[in-house]
Structure formats: structure tokens, C-alpha cells
Amino acid sequence: MAHLTSLDGNALLRWAERATRELGFRRAEINALNVFPVPDSDTGSNMAHTMEAAIAQAHGMTGSAREVAHALAAGAVRGARGNSGVVLSQVLRGIAQTAGDEITGVEVQNALRTAVDLVDRAISAPVEGTVITVLRAAAQAASAADLWEVSQQAVVAARRALEETPSQLEVLREAGVVDAGGQGLVVLLEALLSEVEQSPGIAPTIEPEASKSAYLEVMFHFTCSTPAQFELAIDNVREFGDSLMVAREHETAATVHIHTRQAGKLIEYIFAVGAVRSLHLEVLPEARNLESERIVIAVVPEGPLTELYEQAGAKVIHPHKGLLYDLIGVAHTADELILLPNGLMSRKALVAAERAAHAAQRTLMIVPSPGLVQGIAAIAVHDPDQAIAVDAYAMSEAASEVRTAALDSADELVPALQEMLSAGGELVTILSSLPVQLEALAHQYPTVDCVVYPASGMGHAIEIGVE
């Protein structure tokens, strides 16, 4: 595959447009990761806005890489929003301070190292586990002279550093997310690599099927070389969706508005046939393409219980450090969510889940299910035909009526159940990773129904519930 060996002014501007497009496309995803320094769910929006300001300043330029880089940096500095936007503006300043007529691998090395110094000076108290950590890793790894090789080195190192941010910052670790600003920086570096490889576009990395089917409002300023090319392009854009509006600036330029479920293909098309700036995407909450109006999301250990919960109608996610990523992915399929944490999420993780749902414009109800048995009781009474508040209330009530115990050996089972049933009960649910013998219990309590499910990954051998 042929790769670019350097970036001239036009290629640098194409990279910036590519990065802007991808940040706009992944705005909600990055917003949902935003728990540090302030959990205000706007990092993706701030980074996208900052790049849009940079593109606006450089729009139409045909000069050297140095001239384009200075225009991008000036626009980003003036239009920077939030901490992430300020960091991004300093990265573009790093490029401007090292760019020549063209940008080679050596200039990329120097730009990343300069950006680290600029960001260090811009942030009064840098914190590890954030975007500065990801940027520093990319700068340290970028050592090749070849543009493609150095871009690859930077991307690989940045991705690895991003994955490690939760181990460096407690608030990320407890929320089960990576740093939002660091994720945005990885998007920029991936866009650089794609531009160098002359790839047609960047595919979204989380739930691509859901992203393609999402109903989006897309707005952008569009310019073509001739009136005939412009009219043909607009006719073709019309095929991607509905609610098309074209606010003409003159015969070859306009601001375009459209609602579409083919945002990825639309964006690839407009960048291929014309000049695009001020690209903006927003999910249309009243018209999402949904699998169902409401889903129940259950946090369940990997193993047999996954199938049990899925058979009961739940979408299952597993309790690991990427849990919030999984929740965000599942949340794309419905506008109403009921979450069963089942004692496997910390309070901070629950707060992060609520913020993620808010950023994705979903209604989230959290049912207090302190154990897996309570979760089973809750989903048994789930009624999607009820209003979500009523449904969640009934599920919470069912969970609260279950008396539970966790055991470490099968020998403890019958004595524990005898004690619990002495206070009454009609149904016993047992989750067990061990073989169990219940004949004696069946003789003693002939009217009590007893159900045993195989289980693993609970942190104890047996979990029982009586209701």
C-alpha cells in the first residue's frame, strides 16, 4: 500500500477535517467518558467545537503546511472550549511551531514533543492518567523518520497509554472508563494515520451497527468548484435522508441540513466531492431507530448466569473495567433503560452510568438489587407495557422482598434454608457452583417451590434467596 511521505498544506487541512468529522461523530461517546476533572459530560463536545473553530480559520487555504498549521492553531486557541479544548489548541500550536513547507516524520516527532511542553505549561497542575499522559506516551514513542512509521508509533503508544489511564487515576478506575480527553487525542492521531495511509474514512469503534442506524441531524458548510458540481452533489445528498435544507451562500456554497440514518456514508460522500467545514452531528432523541422502547440491563458474572438472565429478557454486561463501555454500547438500542447492578457496581460506577445515560439522552432507572437473586426476582415482574417509573418500582419492590444469604460450602445450604424458612416463604432460588442435595428440605417443606440454577463467578459458592 502506498503511503504519503509528507503532508503539504492541503493534506494537513484534510487531516484536520477528518479529525473534526470523527470527533463530531463520536461526540456522545467521548462525553459519556467524562468523569475528570469535572463530570460535566462535555469533553467530546468541547474538542469537536475547538476543531471546528480551527477548520473555520483555515478554510480555503492553499498555502504551505506551515501556513495552514498556523491558521489551525490560531483558530483553535481563539475557539477553545474547556480543559480539553485548551489542550487540543496546544497540540495544534506544537504542529505550527515545527511545521515547514511540508510535514515529514521528523516534524511529527518534534510537533508531539513541543506539544507536551506547551501543554505542561498551559496546565497549572498536570495530573497523570489524563490526556497529558497519552500525549507524552505518543511523543516518546514517535522516533521513526518515515511519516507512516512515526504515525503508527504514535497511535499504538497513545492507545496503550489510554488503556492504562484507569490504573493511574482512581476516579477513572472506579467509574470503569478511560480518560475522555485522552480518547479524543487518540482520535486525532488515528485520523493522522488514516490520512497518511490515504484511507477513505475512519470507522467508529463502539457499536458500529448502532451508529450506522442512529437517526442523526447533520449540518455542514459545503463548497464545490462549479455550480454544476454543487447542484449534482446536493441532489445526491438528498438520497441520504430527509428534512433537507440548503441555505445558499452563493452558487457553489451553502450550509446544508439533513436528517439521516446513513451519517457515515453521507460524510464520506461530501468530503469526497467538495470542501466541508463546521460539520456538526446530533442524535435526534425523538426519532431514534430503536430495537425496543425499553430494555433491562443486568450486570452478571460471565458463565451460566448470563444465559439465565438473557432468557429472562435482559441485556447482560459483565463486571470488568470496561463495564461502562459495554453499557454505552447497549444503551444505543433503546431510549428507556432499567439497570440491575446486582451488587456488582460501586456507587461511583452507578453515578458514571447515570451520567453516561444522560449524555446519550436516555432515561435510566436503577433498581436496587444488592445480589443476583434479587435481580432474578426483579426481572421476573418486569412489564414493558407499564410506565418506566411504575415498572422500576415494581421490580424494586420484588427485589426488596427477597431474603438472601451467601454461602461458601454445600454443607451450609440446608441449615441456612431451614433457618430462613422458619420465618416463612413460598419460593427458594439457589444459585450454586457446587452440586446440592435438597431431598431432606423437600420432605420438611413440601409446599415450598425450590429452583436451582448453575452459577459461577459470584465470589462465593452458593447464593440463596427466599420469598
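The model is predicted, so local features need pLDDT of at least 70 and side-chain atom pairs count only at pLDDT 80 or more, while totals for chains, interfaces and linings use all residues. Residues are numbered from 1 along each chain as its sequence is written, and side-chain values use heavy atoms, with hydrogens and water left out.

The sheet is open and has four strands in the order β9-β12-β10-β11, with mixed pairing; strands are DSSP E runs of at least two residues, helices H or I runs of at least four, both numbered from the N terminus, and two strands pair if DSSP finds at least two bridges between them. At the edges stand β9 (403-407) and β11 (449-454), each with a single partner, so one side of each has no neighbour in the sheet. Inside the sheet order, β10 (residues 427-432) runs antiparallel to β12 (residues 462-466) over five bridges, and S432 sits opposite I462 in β12. Helix α17 (residues 372-380) packs on the sheet, touching β9, β10 and β12 (contact means heavy atoms within 4.5 Å). Helix α19 (residues 413-421) also packs there, touching β9, β10 and β12.

As for the rings, the structure holds three aromatic pairs (Phe, Tyr or the six-membered ring of Trp, centres within 6.5 Å; planes under 30 degrees apart are stacked, over 60 edge-to-face, the rest tilted). F222 and F230 make a tilted pair, 6.1 Å centre to centre with 35 degrees between the planes. F222 is buried at 0% relative accessible area (buried is under 20%, exposed over 50%, partly exposed in between, with a 1.4 Å probe and protein chains only). Ring pairs link F220, F222 and F230 into a cluster.

Note on methods: Axes are lines fitted to C-alpha atoms, for helices over the stretch in contact, and angles run from 0 to 180 degrees between N-to-C directions.
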